[in-house]
Amino acid sequence: MFDIEAYKKYEQYFETEKENSFELLAGNGKIIVSAPHSVEQTRHGKKKYSEPQTGALAKMLHEELGLPVIYKTRNCGDDANFDAVSPYKDALVDYIKKNKIEFL
């Protein structure tokens with residue numbers, strides 16, 4: 001059953017910027033959840049709104065099901081989902097290869 005109060009706590013996590021620009025939480029299984037737009041991003045010099053629920057859902061899936069997840073925690077003037085090269089993508093690809101992930 002979905003716990004709305006627990007979800008609100010996860011959502012609050014994204015209200016303040018963190019030191020690192022993203023977090024990758026290791027987990028179990030062959031599926032990884034990625035939420036690159038959990039915070040505001042920048043594409044072609046223009047700010048884009050975040051998709052705030054995506055980060056909270058990723059954190060919940062990690063805590064409740066043990067899935068590996070990756071999500072942005074701070075805007076660095078980039079768009080991790082769009083940019084051809086990014087530390088976020090590098091970490092994601094590395095994790096996928098090392099852990100034989102089958103679905104993203």
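Q: What covers the buried residues of α1?
A: In this predicted model, the cover over the buried residues of α1 includes α2, which spans residues 52-65.

Q: And which residues of α1 are buried?
A: Helix α1 takes in residues 4-13, and its buried residues are Y7, Y10 and E11. These residues cover an arc of only 100° around the axis, so they sit on the same side of α1.

Q: Why would residues three or four places apart point the same way?
A: An α-helix has 3.6 residues a turn, so residues with that spacing point the same way.

Q: What caps the N-terminal end of α1?
A: The cap is D3. One of its side-chain oxygens lies 3.1 Å from the backbone nitrogen of E5.

Q: Moving on to the sheet: what is the order of its strands?
A: The order is β1-β5-β2, with 3 strands forming an open sheet of mixed pairing.

Q: Which strands stand at the edges?
A: Those are β1 (22-25) and β2 (33-35). Each has a single partner strand, so one side of each is left without a neighbour in the sheet.

Q: How are neighbouring strands turned against each other?
A: On average they are turned by 5°, with direction ignored.

Q: Do β1 and β5 run parallel or antiparallel?
A: The strands β1 and β5 run antiparallel and are joined by 4 bridges. By contrast, β2 pairs with β5 (residues 69-72) in the parallel sense, over 3 bridges.

Q: What holds paired strands together in general?
A: Strands of a sheet pair through backbone hydrogen bonds, either parallel or antiparallel.

Q: Which residue of β5 does L25 stand opposite?
A: L25 stands opposite V69. V33 also stands opposite V69, while the bridge partner of A35 in β5 is Y71.

Q: Which way do the residues of β5 point?
A: V69 and Y71 point one way, whereas I70 and K72 point the other way. All of them are buried.

Q: What lies across this sheet?
A: Helix α3 (residues 87-99) lies across β1, β2 and β5. Its direction is at about 10° to β1.

Q: Change of topic: how many aromatic pairs are there?
A: A search of the whole structure finds 4 aromatic pairs. One of them joins Y13 and F14, whose ring centres are 5.2 Å apart and whose planes stand at 80°, so the pair is edge-to-face.

Q: Is F14 buried or exposed?
A: F14 counts as buried because its relative accessibility is 12%, and the cut-off for buried is under 20%. Y13 is partly exposed, with a relative accessible area of 23%.

Q: What about the pair that Y13 and Y71 form?
A: The pair of Y13 and Y71 is edge-to-face, at 6.4 Å centre to centre and with 90° between the planes. This pair links distant parts of the chain, since Y13 is in helix α1 and Y71 is in strand β5, 58 residues apart.

Q: Is Y71 buried or exposed, then?
A: Y71 is buried, with a relative accessible area of 0%. Together, Y13, F14 and Y71 form one aromatic cluster.

Q: Now the loops. Where is N75?
A: N75 is in the loop between β5 and α3. This residue is buried, at a relative accessible area of 17%.

Q: Which backbone nitrogens does the side chain of N75 reach?
A: The side chain of N75 reaches the backbone nitrogen of G77 at 2.7 Å and the backbone nitrogen of D78 at 3.5 Å.

Q: And what is N75 in contact with, leaving aside its neighbours within four places in sequence?
A: With those neighbours left out, N75 is in contact with E17, V39, E40, Q41 and T42.

Q: How many residues separate H44 and D83 in sequence?
A: H44 and D83 are 39 residues apart in sequence. In space they are 9.5 Å apart, C-alpha to C-alpha.

Methods:
Residues numbered from 1 in each chain as written. Predicted model: local features only at pLDDT ≥ 70, side-chain atom pairs only at ≥ 80, totals over all residues. Heavy atoms only, no water. Pairing = 2+ DSSP bridges. Helix = DSSP H or I, 4+ residues; strand = E, 2+ residues; numbered from the N terminus. Axes fitted to C-alpha atoms, helices over the stretch in contact; angles between N-to-C directions. Contact = heavy atoms within 4.5 Å. Buried < 20%, exposed > 50% of the residue type's maximum accessible area, 1.4 Å probe, protein only. Arc of directions from axis to C-beta. Polar contact = N/O pair within 3.5 Å; in protein donor to acceptor, adjacent residues only side chain to side chain. Phe/Tyr/Trp six-rings, centres within 6.5 Å; stacked < 30°, edge-to-face > 60°.
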